[in-house]
Amino acid sequence: MPELTRVKPDTDLDDVVQILEEDGAVIVEDLVPDDVLHRLWADLGPSLGDTEYCGDWYNGVRTRRVSSLFARTTGLTPVVTHPLFLGPARRIMQRPAVMWMGRSRIEMVPSIQISITQLIQIHPGQGRQPLHRDDALHLNRHPGPTTRVQLMVAMSEFTAANGGTMVIPGSHHWDDERAPTTAEAIPTEMAAGSGLIWLGGVYHGGGANTAATARTGMTIAYDLGNLRQEENQYLAVPREAVRAYPEEVRRLLGYDRCPPGLGWYEMDDPYHLVADD
Ligand SMILES: O=C(O)CCC(=O)C(=O)O
């Protein structure tokens, strides 16, 4: 069976971008250091115990999901600013768009924003999730420009048996009429602390858990700044919690404008709402 390409955290950004553009997915080994992983378990793990199974065919009848992660921990900066997550997201999505203002030719670079944050814990007995493209949320047509770059951090080991994310490499190049099949999907196998990064046009889904213990992943996605966030971060994260993060992350949580003119507040930069006094 073919395998997903694996890179180390110090791999050159250009190489990772090239892998993502060709395969649509890559595993970054040791993306999250042990101390960060322990902190995230301490801050987020207890919420899983307080959460019921989702109970539906898509989200999983033996799957627990916990969202609003930025409201639950102040420990996400090293994850969302990791050079091999934020770097490819910026490089792949922030492509200049040309426009004319009268006789002036202008190039505008869009922003990107955090779109969904979720712990996903797949318990023994959970079946395969339907393979899907996350950018279908925005009704994207394919093949086409990438508007989402997503990360799944293994909070526990991912194996073929315990529900490691199923991925069809290269499927972001397919058109909209080609249906994905399970036979084409590769299970993500990675140690706790490693991360799977994939593009929004790639078919993927949670695997079946036929093992004895649960698999826990933490997913966070970047979307292009001119799209609606999947998870409404303005409602999910109180402003005091946003202020616990550095300016770059506050802006990535949506307190930013997307050029040329989306998202202003009182005709000004919305960052003022979460800036330090
Ligand atoms: O849990 C996983 O491995 C993938 C989950 C997923 O793709 C989803 O819920 O949309």
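Trainee: How many bridges pair strand S7 with strand S12?

Mentor: This is a predicted model: local features need pLDDT of at least 70, side-chain atom pairs count only at pLDDT 80 or more, and totals for chains, interfaces and linings use all residues. Residues are numbered from 1 along each chain as its sequence is written. Strands are DSSP runs of E with at least two residues, helices are runs of H or I with at least four, both numbered from the N terminus, and strands pair if DSSP finds at least two bridges between them. S7 (residues 148-154) and S12 (residues 215-224) are antiparallel, and their bridges number seven.

Trainee: Which residue in S12 is the bridge partner of Arg148?

Mentor: Start at residue 148, within the 148-154 span of S7. Across the bridge, in S12, sits Asp223.

Trainee: Why is one side of S1 and of S3 left without a neighbour in the sheet?

Mentor: The sheet is open, with seven strands, mixed pairing and the order S1-S2-S10-S7-S12-S6-S3. S1 (6-7) and S3 (63-66) stand at its edges, so one side of each lacks a neighbour: each has a single partner strand.

Trainee: What angle does helix H2 make with S3?

Mentor: H2 (residues 34-49) packs on the sheet and touches S3, S6 (112-122) and S12. Contact here puts C-beta atoms, placed from the backbone, within 7 Å. Axes are lines fitted to C-alpha atoms, for helices over the stretch in contact, and angles between N-to-C directions run from 0 to 180 degrees. For H2 and S3 the angle is about 125°.

Trainee: Is Leu69 buried or exposed?

Mentor: Leu69 lies in helix H3 (residues 69-72). Beyond four places away in sequence, Leu69 touches Leu44, Leu76 and Thr117. The classes count other C-beta atoms, placed from the backbone, within 10 Å: 20 or more is buried, 12 or fewer exposed, in between partly exposed. Leu69 has 26, so the class is buried.

Trainee: How many of the five residues in S4 are buried?

Mentor: S4 (residues 97-101) joins S5 (residues 104-108) by five antiparallel bridges. Trp100 stands opposite Arg105 in S5. S4 is hardly covered, and its buried count is zero.

Trainee: Which residue in the hairpin of S4 and S5 takes a positive phi?

Mentor: The hairpin has two residues between its strands. The phi in question is near 60°, and the residue is Gly102.

Trainee: How many polar residues does the shell around the ligand have?

Mentor: The surrounding residues are Ile120, Gln129, Met152, Thr165, His204, Gly205, Gly206 and Gly217. Membership requires a C-beta atom, placed from the backbone, within 6 Å. Ala, Val, Leu, Ile, Met, Phe, Trp, Tyr, Cys and Pro count as nonpolar, Asp, Glu, Lys and Arg as charged, and the others, Gly among them, as polar. The shell has no charged residues, two nonpolar, and polar residues numbering six.

Note on methods. Contact = placed C-beta atoms within 7 Å.
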